[in-house]
Amino acid sequence: MNYNKSNVRFSVLFWLFYFLYEWIGQASIADEYRRYFINALVIVPLAGLATWYTTQVLIKKYLLKKRQTAFRVGFVISVIVFTLIRRAFNYYYTYPTYYPNGTYMPFLFVPKVIIEAVNLYLIVALYTMFYFLRAWYEQQRLAQELQRDKAVAQLELLKSQVQPHFIFNTLNNIYSLSLKNHPGTSDLIYRLSSLLSYMLYDSRQEFIPVSKEMEYIHNYIELEKIRYGERLDVAVNCFDAVDKFTIPPLLILPLVENSFKHGVSNDVGNSWIRVDISVKDDWLTVKIENSRVADQVNGHSVYKGIGMENVKKRLEIIYPDRHEFKCMGEGQSFLTILKLKK
């Protein structure tokens, strides 16, 4: 709707300026305002009609739809018709009225006809160029908007996939502890409420401080430590101040959650997780390493779950060409490295 209004405004201004040129611009030289006013009343509408037929019929209905022959034939016929109309106006009105004693060339005198055609179709070409240039810019703008809308929709879909995934795991923890009447059940419920609060409010923001995400990760780890007890050793280290570095919410957390799901949960013995965060030269580096059991050493497929795939997709959308994401297994440990440029 806005583009249509803009298009109408452009057309009105274009033909108004052309009318003023044919009238006042020409008349100011010869000081014949009445003559050139009448001339503009005929020439400008004729040029407008020729332009409309060229853009709306010949180009849109024939040329853009690959009907080349129809376009060429229609263009040649229209040039002849509109040129002869302009030639007839000048030959039968302008010359006899303003040059009654002049000597005139024949009506179909080729040089004169060519001059009339050039004068007319220079205006047609100028308008057509501006018209389709504006249409191209509008198409580019709409394409960018659609791309942004698509990216936003993808992010919202990914978030909607991530959040139930976390909640499902946490509810399983609560259920297993409640069956045992574990004293830590109430604390686990408190952690869950904190989790839900984070997802309902903070996750709606486009970006949050890394410190906010880390606060939530601490809550998540404490929640998981209740489940695994003393056999789990978790270390979280922030080597630099991260308050001024912002990231999309729920970006680091799935990586930590993945370490629990595919590392600790499959190990009945002692296990460990180490999270290191540092900032250097506008790059945030997150390293998450966890132990894994022997039968997982060659099983990299376990690290391709919903959480990890969502992280990859979100990184491609939010940080194109500004991130590094690596997962590698070595011995009985698995290392994930995420780097983000500010």
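At 46% relative accessibility, Asp282 counts as partly exposed. This residue belongs to a predicted model, and its position is in the loop between E4 and E5. Phi of Asp282 is near 65 degrees, which is a positive value in a residue other than glycine. Asp281 is also placed in the loop between strand E4 (271-280) and strand E5 (283-291). Its phi is near 55 degrees, again positive in a residue that is not glycine. Most residues other than glycine have a negative phi. Asp281 counts as exposed because its relative accessible area is 62%, and the cut-off for that class is over 50%.

The chain as a whole comes next. The protein chain contains eight helices and seven strands. It has 342 residues, of which 40% count as buried. Taking contacts between residues at least 6 apart in sequence, 71% join residues at least 24 apart.

For part of the chain there is a database annotation. In an unreviewed entry, UniProt lists residues 12-30, 36-59, 71-93 and 113-133 under "transmembrane region". Two of these ranges can be compared with the model. Residues 71-93 are 100% helix and 0% strand, with end C-alpha atoms 32 Å apart. Residues 113-133 are likewise 100% helix and 0% strand, and there the end C-alpha atoms are 30 Å apart.

Helix H1 (2-30), helix H2 (33-63), helix H3 (68-98) and helix H4 (110-179) each supply at least two residues of its lining. H4 gives the most, with six residues. The lining has 19 residues, and those nearest the centre of the pocket are Asn39, Arg86, Asn90, Glu116 and Asn119. Sorted by class, the lining comprises nine nonpolar, five polar and five charged residues.

Which residues does Glu116 touch, not counting residues up to four places away in sequence? They are Thr83, Arg86, Arg87, Asn90 and Tyr95. Two of these contacts, Arg86 and Asn90, are also among the lining residues nearest the pocket centre. Glu116 itself lies in helix H4. Its relative accessible area is 5%, so it is classed as buried, the cut-off being under 20%.

Not counting residues up to four places away in sequence, Thr185 touches Leu177 and Ser178.

Helix H6 (residues 210-228) has 19 residues. From its first C-alpha to its last it reaches 26 Å, close to the 27 Å expected at 1.5 Å a residue. Its buried residues include Val210, Met214, Ile217, Ile221, Leu223 and Ile226. Glu213, Asn219 and Glu224 of H6 are buried as well, as are Tyr216, Tyr220 and Tyr228. Gly229 follows H6 and has a positive phi, near 70 degrees.

Why is helix H7 (residues 253-262) described as largely enclosed by the rest of the structure? Nine of its 10 residues are buried, so the description follows from that count. Among the buried residues of H7 are Leu253, Pro254, Leu255, Val256 and Phe260, together with Glu257, Asn258, Ser259 and His262.

Technical notes:
Residues are numbered from 1 along each chain as its sequence is written. This is a predicted model: local features need pLDDT of at least 70, side-chain atom pairs count only at pLDDT 80 or more; totals for chains, interfaces and linings use all residues. Side-chain values use heavy atoms; hydrogens and water are left out. On a 1 Å grid over the protein atoms alone, a cavity is a set of points where a 1.4 Å probe fits but cannot get out, and a pocket is an open set with protein on both sides within 12 Å along at least five of seven lines; lining residues have an atom within 4 Å of a point. Helices (H or I, at least four residues) and strands (E, at least two) are DSSP runs, numbered from the N terminus. Ala, Val, Leu, Ile, Met, Phe, Trp, Tyr, Cys and Pro count as nonpolar, Asp, Glu, Lys and Arg as charged, and the others, Gly among them, as polar. The expected span of a helix is 1.5 Å times one less than its number of residues. Buried means under 20% relative accessible area, exposed over 50%, partly exposed in between (1.4 Å probe, protein chains only). UniProt positions are given in the numbering used here, feature names are shortened, and annotations may be inferred rather than shown by experiment. Contact means heavy atoms within 4.5 Å.
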